[in-house]
Amino acid sequence: MSRVLILPGLFGSGEGHWQRYWLQDQPDGQVVDQDDWDHPNLRDWMEKLEAALEEAGDAYIVAHSLGCLLAAQLASRPAARRVKGALLVAPCDLPATETLHAGQVSFGTMPTETLPFPSMTIGSLNDIYMTLDRLTMFGRLWNSEIRNIGLAGHINVASGFGRWPSGYVLLDTLKARCRHRRPYVSASATAATA
């Protein structure tokens with residue numbers, strides 16, 4: 001059974017957050033712990049994610065908010081080959097996040113590369129961290145299936161999302177899709193064999 005790596009966003013996913021319930025409900029779930037949840041640094045967070053993927057061998061990713069951007073930053077990295085699929089829930093938009101939390105986030109620029117693994121991007125109509133137009137744009141850039149779940153805010157505790165059982169259905173849908181896909185071969189690997 002493939003592991004499910006849970007990637008929280010800024011401040012981690014605290015008590016009552018659906019990601020914490022998923023850790024209890026999913027025997028194969030594991031949070032990728034970061035040393036500093038309050039001042040995210042892309043390089044430091046990426047090191048932790050890559051180490052977790054190396055240990056897992058292969059894994060699904062379930063990310064929230066800034067964790068989605070961390071997953072998307074894997075696009076051009078060798079560790080991406082270990083990702084079977086990614087559920088990207090309520091990705092944040094860095095300009096909005098940096099405005100709302102000035103001086104706390106050091107995450108570079110928004111990732112725009114196509115993801116080399118299947119993904120589903122989940123958003124809402126009223127998320128203060130990313131407008132639906134921006135969510136749609138980045139979802140298309142990432143070649144991700146986009147799902148709008150309505151007036152759901154940032155899909156977190158503040159917007160009423162505790163255990164979130166319908167999220168499990170989305171993950172199961174993604175897993176089913178991943179079982180029927182061909183293995184990804186990167187452009188660099190194709191060029192090396194030519």
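This is a predicted model: local features need pLDDT of at least 70, side-chain atom pairs count only at pLDDT 80 or more; totals for chains, interfaces and linings use all residues.

Visitor: How many aromatic pairs does the structure hold?
Guide: Eight of them. Trp-18 pairs with Trp-164, for instance, with 4.9 Å centre to centre and 65 degrees between the planes.

Visitor: What describes a pair like that, in general?
Guide: Two things: how far apart the ring centres are, and the angle between the planes. An angle over 60 degrees counts as edge-to-face, and Trp-18 with Trp-164 is such a case.

Visitor: Where do Trp-18 and Trp-164 sit in the chain?
Guide: Trp-18 is in helix H1 (residues 18-25), while Trp-164 is in the loop between strand S6 (145-148) and helix H6 (165-179).

Visitor: What about Trp-22 and Tyr-168: which kind of pair is that?
Guide: Their ring centres are 4.5 Å apart and the planes make 35 degrees, so we call the pair tilted. Trp-22 belongs to helix H1 and Tyr-168 to helix H6, again a link between distant parts of the chain, with 146 residues separating them. Are they buried or exposed? Trp-22 and Tyr-168 are both buried.

Visitor: Which residues form the aromatic cluster here?
Guide: Trp-18, Trp-22, Phe-161, Trp-164 and Tyr-168 make up one cluster.

Note on methods. Residues are numbered from 1 along each chain as its sequence is written. Side-chain values use heavy atoms; hydrogens and water are left out. Rings of Phe, Tyr and Trp (its six-membered ring) pair if their centres lie within 6.5 Å; planes under 30 degrees apart count as stacked, over 60 as edge-to-face and the rest as tilted. Helices (H or I, at least four residues) and strands (E, at least two) are DSSP runs, numbered from the N terminus. Buried means under 20% relative accessible area, exposed over 50%, partly exposed in between (1.4 Å probe, protein chains only).
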